[in-house]
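Could you walk me through this structure, one selection at a time? I have it open in a viewer and would like to know what to click on and what I will find there.

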Amino acid sequence: MNSEEWVKYLAEAADDKKAQDLVMLKMQGISIMADYFIICHGDSEKQVQAISMALRKAADEKGVTIHRMEGYDQARWVLIDLGDVVAHVFHKDERDYYQLEKLWGDAPLYTLEKKPL
């Protein structure tokens, strides 16, 4: 599975848990951290954890090792390093505060509905 297919697969797993305002940023040529970022949020700590677990399960199903997962217990900002993709699962309040999309504003932005990769 290439990076583009991988990020779509993960985005669909997050979407299945009703991730809000889900976007994918293409980071190739912009950052050496990952090829793609997924950014989304949940409206409660429980939803943030459910989205994060859906991403973990998706990785397990494809035999992909999660390099690091931070913030799960607090469920305010969960960072999941999935190799070519780094997922940021926010609580709504934290997402509004950090506004990662603006920080990486020069990265092409995609959604599942409007602008596929």
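Welcome! Start by selecting Tyr-97, which counts as exposed because its relative accessibility is 64%. Keep in mind throughout that this is a predicted model.

**Stop 1**

Tyr-98 counts as partly exposed, at 39% relative accessibility. The rings of Tyr-97 and Tyr-98 make an edge-to-face aromatic pair, with 4.9 Å from centre to centre and 90 degrees between the planes. A pair of aromatic rings is described by just these two things, the distance of the centres and the angle of the planes.

Trp-77, Leu-79, Tyr-97 and Tyr-98 make a nonpolar surface patch of about 420 Å². Two elements, β4 (77–81) and α3 (92–98), each give two or more residues to this nonpolar patch. Leu-79 belongs to strand β4, and with 30% relative accessibility Leu-79 counts as partly exposed.

**Stop 2: an aromatic pair in the interior**

In the whole structure, a search finds 6 aromatic pairs. Phe-37 and Trp-104 form one that is edge-to-face, 5.7 Å centre to centre and with 85 degrees between the planes. Phe-37 sits in strand β2 (residues 36–42) and Trp-104 in the loop between α4 (100–103) and β6, so this pair ties together parts that are 67 residues apart in sequence.

**Stop 3**

You will find Glu-101 in helix α4, and it is partly exposed, with a relative accessible area of 22%.

Which residue forms a salt bridge with Glu-101? Select Arg-95: the closest N and O atoms of this salt bridge are 2.2 Å apart. Arg-95 is buried, as its relative accessible area is 8%.

**Stop 4**

Side chains of opposite charge can pair when their charged atoms come close. How many salt bridges does a search of the whole structure find? The count is 7.

Select Asp-93 and Arg-76 to see another one. Their side chains meet in a salt bridge, 3.7 Å from N to O. Asp-93 lies in helix α3 and Arg-76 in the loop between β3 (68–70) and β4, so the bridge ties together parts that are 17 residues apart in sequence. Asp-93 counts as partly exposed at 45% relative accessibility, and Arg-76 is partly exposed too, with a relative accessible area of 24%.

**Stop 5: a negative patch**

Bring the surface back and select Glu-12, Asp-15, Asp-16 and Glu-113, which form a negative surface patch. Glu-113 is in the segment after β6 (109–110), and at 61% relative accessibility Glu-113 counts as exposed.

**Stop 6: two backbone details**

Finish with the backbone. Select Lys-18 in the loop between α1 and β1 (20–26). Lys-18 has a positive phi of about 65 degrees although it is not a glycine, and Lys-18 is exposed, with a relative accessible area of 57%.

Where can you find Gln-99? Look in the loop between α3 and α4. Gln-99 also has a positive phi, near 45 degrees, in a residue other than glycine. With 34% relative accessibility, Gln-99 counts as partly exposed.

Terms used
Residues numbered from 1 in each chain as written. Predicted model: local features only at pLDDT ≥ 70, side-chain atom pairs only at ≥ 80, totals over all residues. Heavy atoms only, no water. Patch = residues over 30% accessible without salt bridge, like charges linked within 9 Å, V, L, I, M, F, W, Y side chains within 5 Å. Areas by Shrake-Rupley, 256 points an atom, 1.4 Å probe, with all protein chains shown as cover. Salt bridge = Lys/Arg side-chain N within 4 Å of Asp/Glu carboxyl O. Lys, Arg positive; Asp, Glu negative; His and termini not counted. Charge placed at Lys NZ, Arg CZ, Asp CG, Glu CD. Helix = DSSP H or I, 4+ residues; strand = E, 2+ residues; numbered from the N terminus. Buried < 20%, exposed > 50% of the residue type's maximum accessible area, 1.4 Å probe, protein only. Phe/Tyr/Trp six-rings, centres within 6.5 Å; stacked < 30°, edge-to-face > 60°.
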